[in-house]
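Biologist: I would like to learn how to read a structure such as this one, feature by feature. Could you show it to me and then take my questions in turn?

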Amino acid sequence: MLKLKAVIFHTTIFGPIRSRRLGISLGINLMPNDGKVCSFDCIYCEAGLNSQGAGKRGVPSRESVKRQLSRKLAAMSEAGDALDVITYSGNGEPTLHPQFAEIVHDTLLLRDRYYPSARVSVLSNATMIDRPDVIKALKTVDNNILKLDSAIASTMRAINRPVSSNVVPAGVIEHLKQFAGTCVIQTMLLRGEVEGMHIDNTTDEEVAALVRAYRAVKPREVQLYGIDREPPMQGLEKLQSSEINRVATVVRAAGFTVQAIE
């Protein structure tokens with residue numbers, strides 16, 4: 001069953017917040033402040049489902065993002081505030097922004113000016129990594145964090161609900177290979193009954209398929225995590241830390257650096 005849930009980011013620059021994965025994080029939302037635009041429609045997305053609409057304000061311009069980010073970083077620096085990371089996240093997929101690469105370039109320059117020790121991270125669902133401009137930009141950031149929730153097509157469709165039928169695990173994995181040794185693969189572990197369908201990407205079959213995919217991609221790190229905030233779809237359960245750590249043990253045994261986030 002669907003829960004009425006709206007976008008949670010109502011500004012282009014938000015935070016800083018304490019991220020359980022990244023530390024003290026200043027967020028950049030490149031999608032509309034009053035709607036959601038994404039190439040996935042994940043059943044667990046904290047920003048709600050795509051059905052809420054794209055809103056009326058549109059995406060922020062490159063100039064607006066640069067101006068707002070510069071103002072925020074200058075104020076934080078003057079106040080002596082700590083900052084670990086600048087993170088692209090928000091109400092949808094950041095790489096869908098038509099000026100994503102140019103905005104990343106601006107962000108790196110501003111980071112170097114105000115917080116040179118801070119990292120720049122992008123949380124992406126990996127659906128746009130066939131675009132040369134996106135590829136080039138992602139290779140310049142400190143943390144290129146790319147999603148792979150399942151390496152089995154039916155499970156990916158059930159969890160991520162890609163807008164395009166062309167998005168399948170085999171194609172995503174093939175494109176992920178170009179970031180071998182540098183990317184971080186992020187996998188949401190979950191289980192539940194959603195709209196009459198049983199979903200579980202923690203089974204032996206699912207984990208074995210993920211391990212094969214990780215071996216093909218050769219990521220710098222694998223991040224395994226569970227649902228933290230209330231999802232927009234009823235029927236999903238929050239996994240116990242022991243279950244996340246069980247999967248993490250299998251992935252570590254396959255030779256990967258794993259961050260298990262409870």
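Modeller: Let us begin with a pair of helices: α6 passes α7 in a right-handed crossing, where right-handed means that the near helix is turned clockwise from the far one by less than a right angle, and left-handed that it is turned anticlockwise. Helices (H or I, at least four residues) and strands (E, at least two) are DSSP runs, numbered from the N terminus. This is a predicted model, in which local features need pLDDT of at least 70 and side-chain atom pairs count only at pLDDT 80 or more, while totals for chains, interfaces and linings use all residues. Residues are numbered from 1 along each chain as its sequence is written, and side-chain values use heavy atoms, with hydrogens and water left out.

Biologist: At roughly what angle do the axes of α6 and α7 cross?

Modeller: An axis is a line fitted to C-alpha atoms, for helices over the stretch in contact, and the angle between N-to-C directions runs from 0 to 180 degrees. Here the axes of α6 and α7 (residues 241–253) come within 10 Å and cross at roughly 40°. That makes α6 oblique to α7, because angles under 35 degrees count as roughly parallel, over 145 as roughly antiparallel, 65 to 115 as roughly perpendicular and the rest as oblique.

Biologist: Which residues make the contact between α6 and α7?

Modeller: Contact means heavy atoms within 4.5 Å. On the α6 side the contact is made by Asp204, Val207, Val211 and Tyr214, and on the α7 side by Arg246, Val247, Val250 and Val251. By class, this contact has six nonpolar, no polar and two charged residues, where Ala, Val, Leu, Ile, Met, Phe, Trp, Tyr, Cys and Pro count as nonpolar, Asp, Glu, Lys and Arg as charged, and the others, Gly among them, as polar.

Biologist: At roughly what angle do the axes of α1 and α2 cross?

Modeller: The axes of α1 (residues 62–79) and α2 (residues 100–114) come within 10 Å and cross at roughly 15°, which makes α1 roughly parallel to α2. Among the residues that make this contact are Leu69 and Leu73 of α1, together with Ile103 and Leu110 of α2. By class, the contact of α1 with α2 has seven nonpolar, four polar and six charged residues.

Biologist: Which residues are buried in helix α4?

Modeller: Buried means under 20% relative accessible area, exposed over 50%, and partly exposed in between, with a 1.4 Å probe and protein chains only. In α4 (residues 153–160), the buried residues are Thr155, Met156, Ala158, Ile159 and Asn160. They cover an arc of only 165° around the axis, so they are on the same side of α4; the arc is that of the directions from the helix axis to the C-beta atoms. What covers these buried residues includes β5 (143–147), α5 (169–176), β8 (197–200) and α6 (204–217).

Biologist: Where does the backbone take a positive phi?

Modeller: Most residues other than glycine have a negative phi, and most peptide bonds are trans. Just after α4, Arg161 takes a positive phi of about 45°. Ala126 has a phi near 70°; this residue is placed in the loop between β4 and α3 (132–138) and is buried, with a relative accessible area of 4%. Lys218, in the loop between α6 and β9 (221–226), has a positive phi of about 60° although it is not a glycine.

Biologist: Which peptide bond is cis?

Modeller: The bond from Gly15 to Pro16 is cis, with omega near 10°, and Pro16 lies in strand β1 (residues 13–19).

Biologist: How many residues apart in sequence are Arg119 and Asp142?

Modeller: They are 23 residues apart in sequence, and 5.6 Å apart in space, C-alpha to C-alpha. Arg119 is found in strand β4 (residues 119–124) and counts as partly exposed at 32% relative accessibility. Leaving aside neighbours within four places in sequence, the contacts of Arg119 include Leu22, Asp84, Arg111 and Asp142.

Biologist: What separates the C-alpha atoms of Arg21 and Ala260?

Modeller: Although these two are 239 residues apart along the chain, their C-alpha atoms are separated by 9.3 Å. Arg21 lies in the loop between β1 and β2 (23–29), and at 22% relative accessibility it counts as partly exposed. Beyond its neighbours within four places in sequence, Arg21 is in contact with Gln186, Gln223, Tyr225, Gln259 and Ile261.
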